[in-house]
Amino acid sequence: MRAAPWLTATLFLGPLAAGLAGTLLPAFGYLPALGGDSLSLDPWRALLAAPGLARSVMLTLGSGLAATLVALLLVLGFCAVTQGSAWARRAQAALAPVLATPHAALAIGFAFLVAPSGWLARLASPWATGWDRPPDLPIPGDPWGLALVLGLVLKEVPYLLLMAFAALGQVPASASLRAAAALGHRPVPAWFKLVLPQIYPQLRLPICAVLAFSLSVVDVALILGPGTPPTLAVLVLRWFGDRDLALWFPAAAGAVLLLGLVLGAILAWRLGERAVAALGRRWIATGHRGGQALLLRALAPAALGLLLAASLAGLAALIAWSLAGPWRFPEALPAGWTLRVWRAQSAEIAGPARATLLVAVLSTLAALGLVLAWLESGAGRRLRALVWLPLLLPQLAFLFGWQVALVRLGLDGTLAAVVWTHLLFVLPYVLLSLADPWAALDPRYARSAAALGAGPWRVFWAVKLRLLLRPLLVAAAVGFAVSVGLYLPTLFAGAGRITTLTTEAVTLAAGADRRVLGAYAALQAALPLLAYALAAALPAWLHRHRQGMRP
Amino acid sequence: MSLRIDDLVITLGDRPLLALPALAVAPGEVVTVMGPSGAGKSTLLAFLSGTLDAAFRARGRVWLAGEDVTNLPPHRRRIGLLFQDDLLFPHLSVAENLAFGLAPGLRGAARRARVAQALAEAELAGFGPRDPATLSGGQRARVALLRTLLAAPRALLLDEPFSKLDVALRGRVRDFTFAAARREGLPCLLVTHDPADAEAAGGRVLELGRG
C-alpha cells in the first residue's frame with residue numbers, strides 16, 4: 001500500500017523518461033539502430049527544409065489555440081449566465097453522453113454531418129442550395145482547419161464544463177453573487193468579477209491539458225484537418241510511418257518541435273492569464289456595474305445547444321449510415337434500412353472489438369488498483385502533479401521513443417505494452433474522478449468499523465469500497481472510456497499487431513466505405529456509453545432498498 | 001473489567017496538547033470529561049481508540065482489564081465508540097449492521113437469533129431487514145448502541161453521542177445508554193459539552209483545561 005505512489009511513479013516515469021530521451025536523441029541524429037551514431041543537426045535541417053512546414057506550424061498553433069479559447073469562452077459564458085439556475089444541471093446531464101464518446105467517433109460523426117454529401121447539405125438541398133449533386137468543397141479538411149477546430153470544440157466543451165461545475169461546487173458562488181447584487185452589481189458581470197477568479201485556479205490544469213491536446217492531436221486532425229499541408233503532429237506521424245526509415249530523424253525533430261510548441265503555448269497562456277487578470281482588476285476597480293449582457297445571455301446557451309445537437313446528430317449519422325440501404329443525394333434519409341454491413345463486417349469487427357474491450361478492462365482495473373492503493377496509503381500528494389504529465393506533453397513527443405524502448409525490451413506489439421501505455425492516460429482520469437469522493441468520505445465510518453473489531457482489510461473492502469461504490473464505478477467508466485478512445489498510444493505500443501476499434505476507425509476514415517466506417521465508429525461510441533450506463537444502473541439497482549446510498 | 005489511564009501527556013511537535021492525571025474507571029462507572037473546544041477532548045478519544053495521527057506524540061499507557069492495550073491496533077482493542085452521528089452503515093440493513101461487529105464464532109441460525117434477541121430487548125423486534133435510513137432518530141441511536149454492545153467491548157467511549165438528538169429524546173437515549181453500560185459492567189468515558197449529560201451520568205466529572 002505504502003509503495004503504491006512510488007510504484008505508480010515508476011510506471012509513469014519509466015515510459016516518460018525513456019520516451020522523451022528516445023525522441024530527443026534521434027532528433028539530434030543519434031539512433032544507432034538506424035546508423036545514427038553521432039550527434040548532429042541534420043534532422044533539424046531536413047525538418048526545416050520540408051515543404052509547407054511553416055504553414056503546418058501556423059495551422060497547428062492557430063487551430064490549437066482557437067479550439068481551446070473558443071471552448072473556454074463558451075464554457076465560462078454558459079456558466080456565467082446559468083449560475084444558480086436549473087439549466088446548469090440539465091446541461092451537465094445532457095452532455096454526459098458526449099463526454100463519454102471518443103474523439104474519433106465524434107469527429108467522424110461531425111464529418112458525416114458537414115461533408116458536402118453529409119446530412120446538413122442533404123437537408124438543405126436542393127430547395128435552398130440548388131445542389132442535386134454533392135458540391136466540390138474541401139469539407140472536412142478545409143485548409144484553414146475550421147472543421148478541425150469545431151471538431152475539437154465539440155469534445156472539449158463538455159470536458160471543461162464538467163471541470164467548471166466541479167470547481168463551482170467548491171466555492172461560494174451564489175453567496176458571492178448575492179453579496180454583489182446587494183452592492184448593485186448585475187449577476188453576469190459580477191460572475192466574471194467574483195466567481196471566475198475563485199474557480200480559475202482549479203481550471204488551470206484542465207485548460208492546459210486541453211491546450212496540449214488540441215495542439216498535438218492526431219486522430220481528430222486526420223479525420224477533420226487539412227491534408228496538404230497537415231498539422232505538425234500529422235506530418236510527424238506520416239514520417240514515422242514512412243517506409244523510408246531515414247525519415248525517423250526529421251520525424252523525431254518534428255516531435256521535439258511539437259513539444260516546444262506545446263510548452264511555449266502553455267507559457268504564453270500563463271502570461272495571457274496574468275494580462276487578463278491585471279485588466280480584470282482594473283475593470284473591477286472602476287466600480288462599473290456592467291451591462292445586462294443580453295448578447296451573452298442569448299449566445300452562450302444557444303451555442304452550447306448547437307454543439308450538443310451537432311454531437312448527437314453526428315452520432316445518429318454514424319448509426320444511420322451503418323444501417324443505410326441505397327441512399328442517394330440529396331435524400332435526407334436512405335431509401336431503406338439493412339443490417340447488411342453489420343452482418344458482412346461482423347467477423348472483421350469482432351477482433352478489434354475484443355482487443356478494445358480487453359485493453360480497456362485491463363488498463364482500467366490496473367488503474368483502479370493503483371489509485372485505490374495510493375489513496376488508501378494517504379501518501380504521495382506531491383506525486384499527484386506527476387500523473388498530469390502524460391496529459392500535458394504531446395503524445396508524439398514520448399510515444400515514439402517509448403516504442404523504441406519497447407522494441408528493445410521485446411515488448412512491442414504485446415498486450416502488456418498496450419495496457420501499460422494506456423495506463424499512462426487512464427490512471428490520471430481515474431485518480432482525478434476518485435480523489436474527491438475518497439477524501440469526502442466521513443472518516444468516522446472507518447473508525448466505527450475498527451472499533452467494532454474490523455481489521456484494515458475488512459474496513460477497506462466491506463466499508464469504504466461499498467460506501468464509495470458509485471464514484472468507484474463512475475471512475476471505472478471514465479477510465480474505460482479514455483482507454484477506448486486512445487489512438488496514438490494504441491498505434492505505437494500495438495506496433496500494428498494489436499488494433500482496436502479506434503485505430504481501425506481512424507484508418508477507415510481516410511476513404512473507406514462510409515457504411516463500414518459508420519459501423520466501426522458507432523461501435524466505438526457505444527462501448528463507453530454502455531460502461532457509463534452500467535456505472536449508473538448497477539448502484540441504483542443494488543441500493544434500491546437503501547435510501548442513504550442515493551445521491 | 002476496568003479502564004485505567006496512566007499519567008498522560010500528548011504533544012504535537014513541542015506544543016503540549018493535553019495532560020491528564022492518572023485515571024481509573026471502574027466497571028459500570030461513567031466518568032464525564034468536559035472542557036471547552038480545543039481542550040483536547042477529541043485527541044484524548046483518538047488516543048484511547050488507537051486512531052491518533054502519527055504526528056502526535058503520546059506519553060502514558062492505557063490498561064483494559066489489566067491488559068496494556070496502548071500499542072494495539074484499533075480493531076484489537078475492543079473499545080466501543082459512539083459518535084454524535086449514529087454512523088450506521090447506509091449500505092447494510094439494520095440486522096447486517098448489528099452482525100458487523102458480532103464475533104465470527106457465532107454462526108448461522110444462532111447468529112441471527114443473537115441479533116434478533118438484541119433487537120427485541122431494545123424494543124426493536126422485527127426491525128432487522130429494515131433500511132437504517134427509514135428509522136427515526138431515537139431508533140437509530142439505539143441500533144448504534146446495540147451494534148457497539150454486540151461487538152463485546154471492554155469499555156465505552158462516548159463522543160457527545162446525545163448532542164444531535166432533540167431534547168425530548170435525549171433523556172431517554174441517555175438513560176438507555178447508561179443503563180446498558182451498567183448492566184454490562186463497562187467502564188465508560190463520556191465527553192460532552194452538556195452539563196445535563198454529566199448530571200445524568202452521576203459519576204465523576206473531569207475538567208480538561210485549555211492547552
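This is a predicted model: local features need pLDDT of at least 70, side-chain atom pairs count only at pLDDT 80 or more; totals for chains, interfaces and linings use all residues.
Figure 1. Three residues, B:His75, B:His91 and B:Phe100, account for 32% of the area that chain B buries against chain A, more than any other three residues.

**Figure 2. Salt bridges and polar contacts between chain B and chain A.** The interface of chain B and chain A holds two salt bridges. One of the residue pairs joined by a salt bridge is B:Asp85 and A:Arg444, whose side chains meet at 2.7 Å, N to O. Six residue pairs are in polar contact across the interface of chain B and chain A, with both residues of each pair at pLDDT 80 or more.

Figure 3. Chain A is divided into domain 1, which covers 1-21 + 344-551, and domain 2, which covers 53-316. The contact between them takes 33 residues from domain 1 of chain A and 36 residues from domain 2 of chain A. Taken over C-alpha atoms, the centres of the two domains are separated by 24 Å.

**Figure 4. The interface of domain 1 and domain 2 within chain A.** Domain 1 of chain A and domain 2 of chain A bury about 2,700 Å² between them, with 80% of that area on carbon and sulfur atoms. The count of salt bridges between domain 1 of chain A and domain 2 of chain A is zero. Two residue pairs are in polar contact across this interface, both at pLDDT 80 or more.

**Figure 5. Helices of domain 1 that face domain 2 in chain A.** The elements that give two or more residues to the side of domain 1 that touches domain 2 include helix H15 (384-392), helix H16 (395-409), helix H17 (415-440) and helix H23 (514-542) of chain A. H23(A) gives the most to this side, with nine residues. The residues on this side of domain 1 of chain A divide into 26 nonpolar, five polar and two charged.

Terms used. Residues are numbered from 1 along each chain as its sequence is written. Chains are lettered from A and ligands numbered from 1 in the order in which they are written. Side-chain values use heavy atoms; hydrogens and water are left out. Domain bounds come from an automatic or database domain assignment. Contact means heavy atoms within 4.5 Å. Buried area is the accessible area (1.4 Å probe) that two parts lose on being put together, summed over both. A salt bridge is a side-chain nitrogen of Lys or Arg within 4 Å of a carboxyl oxygen of Asp or Glu. A polar contact is a pair of N or O atoms within 3.5 Å; within protein, one must be able to donate a hydrogen and the other to accept it, and residues adjacent in sequence count only if both atoms are side-chain atoms. Helices (H or I, at least four residues) and strands (E, at least two) are DSSP runs, numbered from the N terminus. Ala, Val, Leu, Ile, Met, Phe, Trp, Tyr, Cys and Pro count as nonpolar, Asp, Glu, Lys and Arg as charged, and the others, Gly among them, as polar.
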